[in-house]
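Me: Got a model here I'd like to talk through. Can you take a look with me?

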Amino acid sequence: MWTLVQRSGATRPAEFAAWFLGLALAHDLVFAPLVAGLAVLLGPRVPPRLRGPIVVGAVVSGALVLVALPPILGDRAADNASLLPRDYGAGLLMAFAVTWAAVAVGTWVRARSDRRRGDR
């Protein structure tokens with residue numbers, strides 16, 4: 001924290017504070033109620049063996065959004081090509097694809113294992 005203040009020209013403490021507080025408020029006022037609402041609506045409708053993987057996929061997806069949001073919404077300076085040089089939106093979509101592919105493979109393996117044992 002001291003470096004943030006000490007090197008305020010490079011670190012922009014006010015902008016950091018705005019992002020920090022904004023993300024905390026977004027989590028508490030938007031993300032958490034949304035997840036709780038989805039859990040209440042979808043929980044009883046999802047088969048018990050799928051709930052765990054789906055919850056893990058949803059939590060990982062939420063964390064990905066919170067981590068990727070600042071670069072996606074960040075200030076891209078036209079005169080500095082090295083500042084946020086990647087397509088962070090596409091990266092987030094790729095991370096979602098990998099996450100939900102892993103959830104799909106995990107549930108498929110679990111279902112296959114259950115069928116072999118005779119559990120249904």
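Below are a few quick questions on helix packing and aromatic rings.

Reply: Heads-up, this is a predicted model, where local features need pLDDT of at least 70, side-chain atom pairs need 80 or more, and totals for chains, interfaces and linings use all residues. Residues are numbered from 1 along each chain, and side-chain values use heavy atoms, leaving out hydrogens and water.

Me: How do α4 and α5 run relative to each other?

Reply: Helices here are DSSP runs (H or I, at least four residues), numbered from the N terminus. The axes of α4 (residues 48-73) and α5 (residues 88-117) come within 10 Å and cross at roughly 170°; axes are fitted to C-alpha atoms over the stretch in contact, with angles from 0 to 180 degrees between N-to-C directions. Over 145 degrees counts as roughly antiparallel, so α4 and α5 are roughly antiparallel.

Me: What kind of aromatic pair do Phe-16 and Phe-20 form?

Reply: Rings pair if their centres lie within 6.5 Å, and planes under 30 degrees apart count as stacked. Phe-16 and Phe-20 sit 5.8 Å centre to centre with 25° between the planes, so the pair is stacked.

Notes:
Helices (H or I, at least four residues) and strands (E, at least two) are DSSP runs, numbered from the N terminus. Angles under 35 degrees count as roughly parallel, over 145 as roughly antiparallel, 65 to 115 as roughly perpendicular and the rest as oblique. Rings of Phe, Tyr and Trp (its six-membered ring) pair if their centres lie within 6.5 Å; planes under 30 degrees apart count as stacked, over 60 as edge-to-face and the rest as tilted.
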